[in-house]
Amino acid sequence: MGKLGEYIKSAIKQIISNGYRTLMTMLGIIVGIAAVIAVVSLGNGMTEFVKSELNGIAGNYGSISVDTSKTSERITQDDIEYVQATVSDIYGLSPNMGTWGKITGNRGTFEVSVNGGSESMEYMSSNGIIKGRYFTRQQVESGQRVCVMLRDDAKKIFGTEEAIGMEVDLTIWGKTATYKVVGLRDSMNRMYNFIMEGQDYFAQVEIPYTALGADFDYYMEDFNSVILFADQSVLNTKVNEVKEILTNRHGLRGTKAISGYSMADFSDELDKILGYATTFLLLVSVISLVVGGIGVMNIMLVSVTERTREIGIRKSIGAKTGAIMTQFLAEAAILTLIGGVIGIILGIILATIICSAIGFKVIVTPSSVLGAAFFSVVIGLFFGLYPARKAAKMKPIDALRL
């Protein structure tokens with residue numbers, strides 16, 4: 001340990017004595033490590049943000065649908081009632097009839113997305129009811145003209161959040177019906193607003209599917225798809241369970257005519273896509289590290305040339321080949337480690353600034369910091385190996401002659 005300490009001490013002294021050249025040499029390492037830390041931190045923050053916002057949009061639901069090209073069977077009301085009566089740990093099963101139209105309130109007429117479903121549609125989004133209530137099973141069975149909308153939509157359509165009991169006109173396919181607002185959901189999250197930015201304003205309402213069918217001539221006896229609501233921890237299991245039940249009830253085993261899909265599946269796919277994007281950017285960042293490593297090798301070769309006489313003197317008084325090589329490797333490793341530490345600090349600062357600007361949470365993991373520091377040392381050792389070997393293999397008589 002004593003000799004290693006001397007090598008390190010000598011390496012630090014040599015680095016300090018050539019301050020400007022040292023800084024220029026470290027620049028590539030600093031930029032490369034800063035880029036790596038920033039990319040990893042941004043990738044982690046973006047992944048958490050997207051998953052969090054996706055859960056806010058999606059809620060706890062999965063879809064079960066019939067491939068109409070493979071069968072003439074459809075999901076019936078009896079199927080829905082049977083599933084709700086026999087499958088445990090689900091919030092409910094609902095038809096999901098989506099369409100577009102116009103909505104008119106006392107502030108004007110706007111585009112609207114209309115979702116028709118049962119009372120279970122309350123769980124469609126994690127944006128809960130903040131005023132009033134969701135429509136009830138009785139209102140669904142009787143086809144009452146009631147609706148639930150977003151708080152921001154209420155402000156736009158009525159000019160106030162106090163919209164419970166107010167009425168709107170829905171116009172779909174040329175037909176118009178008047179609906180009473182019974183509940184308001186909380187506003188949509190940032191991802192939804194980002195997706196819709198720049199588009200014409202449109203509202204969203206949820207109404208009983210029975211009212212949608214009666215008022216706008218939608219066929220409501222059976223369905224191509226239904227939405228299942230359950231806690232995320234059991235959602236995949238329940239989607240598969242219901243898919244199997246419907247497959248058996250309609251005698252479709254072996255046909256793959258009924259499929260199931262949950263938001264957890266989509267989240268997993270999204271994780272992969274984000275992972276690929278982060279990896280690609282990381283590889284691009286590593287290129288600058290390699291360039292920085294080449295710079296380290298070049299400057300170490302210059303150092304070997306400048307210190308040829310010193311090397312000759314040391315070898316002539318008994319310095320071993322391993323000692324000379326260790327000293328030069330120590331210089332290269334310390335050089336890149338210092339550059340790596342500076343790069344880590346700059347990378348964290350850069351990631352913090354960018355994340356703050358776009359609203360992501362900064363996530364800097366210990367593994368990324370330690371990995372970056374370790375990699376910077378490895379770069380120094382790898383690219384310092386050739387200059388160190390060249391210095392160590394010098395013959396004293398040749399070195400002293402120069």
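## Close-up views of a predicted model

**View 1. Asp215 and Arg145 pair across the chain.** In this predicted model, the side chains of Asp215 and Arg145 meet in a salt bridge, with 2.8 Å from N to O. The pair links distant parts of the chain, since Asp215 belongs to helix H7 (residues 209-216) while Arg145 sits in the loop between helix H4 (137-142) and strand S7 (146-150), 70 residues apart. Asp215 counts as buried because its relative accessibility is 15%, under the 20% limit for that class, whereas Arg145, at 43%, counts as partly exposed.

**View 2. Lys131 and Glu162 form a salt bridge.** The closest N and O atoms of Lys131 and Glu162 are 3.4 Å apart in this salt bridge. It too links distant parts of the chain, with Lys131 in strand S6 (residues 129-132) and Glu162 in the loop between helix H5 (151-158) and strand S8 (167-172), 31 residues apart.

**View 3. Glu111 and Lys102 meet through their side chains.** Their salt bridge has an N to O distance of 2.3 Å. Glu111 counts as partly exposed at 33% relative accessibility, and Lys102 is likewise partly exposed, with a relative accessible area of 37%.

**View 4. Glu119, Arg137 and Glu141 are joined in a network.** Salt bridges link Glu119, Arg137 and Glu141 to one another as a network. For the structure as a whole, a search finds 12 salt bridges. Side chains of opposite charge can pair when their charged atoms come close.

View 5. The patch, of about 650 Å², is made by Leu337, Ile338, Val341, Ile342, Ile345, Leu346, Ile349 and Ile353. One of these residues, Val341, lies in helix H11, which spans residues 321-358. Val341 counts as partly exposed because its relative accessibility is 41%, a value that also meets the requirement of over 30% relative accessible area for residues of a patch.

View 6. Lys320 is found in the loop between helix H10 (308-316) and H11, and it is exposed, with a relative accessible area of 65%. The C-alpha atoms of Lys320 and Lys393 are separated by 9.9 Å, although the two residues are 73 residues apart along the chain.

Definitions and conventions: Residues are numbered from 1 along each chain as its sequence is written. This is a predicted model: local features need pLDDT of at least 70, side-chain atom pairs count only at pLDDT 80 or more; totals for chains, interfaces and linings use all residues. Side-chain values use heavy atoms; hydrogens and water are left out. Patches are made of residues with over 30% relative accessible area and no salt bridge: like charges are joined within 9 Å, nonpolar side chains (Val, Leu, Ile, Met, Phe, Trp, Tyr) within 5 Å. Accessible areas come from the Shrake-Rupley method with a 1.4 Å probe; for residues, only the protein chains shown count as cover. A salt bridge is a side-chain nitrogen of Lys or Arg within 4 Å of a carboxyl oxygen of Asp or Glu. Helices (H or I, at least four residues) and strands (E, at least two) are DSSP runs, numbered from the N terminus. Buried means under 20% relative accessible area, exposed over 50%, partly exposed in between (1.4 Å probe, protein chains only).
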